[in-house]
Amino acid sequence: MIRYDPLWETMRNRGISQYKLLKDYHFSAGQLSRLRKNENVSTYTLNTLCRILDCSIEEVAVYLPDNAEPAD
């Protein structure tokens, strides 16, 4: 499973809020919602986040094997 937990820490470290992503960078509210729910997003979306945040993919997403999924 791909999780986007590192994204929120990276955003905090860069001083970019979800509101700023939406208003200043015209990021899609739908894509942001999908990221919050750890749902599928396109590589275009991941690329956009890496460009905005000036970071690597590892600072946005992490892969966890299915047997290592945390309990929600």
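Buried means under 20% relative accessible area, exposed means over 50%, and partly exposed lies in between, using a 1.4 Å probe and protein chains only. The views below show a predicted model, in which local features need pLDDT of at least 70 and side-chain atom pairs count only at pLDDT 80 or more, while totals for chains, interfaces and linings use all residues. Residues are numbered from 1 along each chain as its sequence is written, and side-chain values use heavy atoms, with hydrogens and water left out.

**View 1. Asp-24 and Lys-20 meet through their side chains in a salt bridge.** Here a salt bridge is a side-chain nitrogen of Lys or Arg within 4 Å of a carboxyl oxygen of Asp or Glu. For this pair the N to O distance is 3.8 Å. Asp-24 is partly exposed at 48% relative accessibility, and Lys-20 is partly exposed at 29%. A search of the whole structure turns up five salt bridges, and two others follow in the next views.

**View 2. Glu-9 and Arg-12 pair up within helix H1.** Helices (H or I, at least four residues) and strands (E, at least two) are DSSP runs, numbered from the N terminus. H1 covers residues 5–14, and its Arg-12 and Glu-9 sit three residues apart, about one turn of the helix. Their closest N and O atoms are 2.9 Å apart, forming a salt bridge. Arg-12 is exposed, with a relative accessible area of 57%, whereas Glu-9 is partly exposed at 39%.

**View 3. A salt bridge joins Glu-59 to Arg-14.** The closest N and O atoms of this pair are 3.5 Å apart. The pair links distant parts of the chain, 45 residues apart: Arg-14 belongs to helix H1, and Glu-59 to the loop between helix H4 (43–53) and strand E2 (62–63). Glu-59 is partly exposed at 28% relative accessibility, and so is Arg-14, at 35%.

**View 4. Helix H3, with Ser-28 at its start and Asn-38 after it.** A side-chain oxygen of Ser-28 reaches to within 3.2 Å of the backbone nitrogen of Gly-30, at the start of H3 (residues 29–36). Asn-38, which follows H3, has a positive phi, near 55°.

**View 5. Cys-50 and Cys-55, two cysteines without a disulfide.** A disulfide is a covalent bond between the sulfur atoms of two cysteines; the cut-off used here is a pair of cysteine sulfur atoms within 2.5 Å. The whole structure has zero disulfides. The cysteine sulfur nearest to that of Cys-50 belongs to Cys-55, 4.4 Å away. Cys-50 is buried at 14% relative accessibility, and Cys-55 is buried with a relative accessible area of 14%.

Definitions and conventions:
A polar contact is a pair of N or O atoms within 3.5 Å; within protein, one must be able to donate a hydrogen and the other to accept it, and residues adjacent in sequence count only if both atoms are side-chain atoms.
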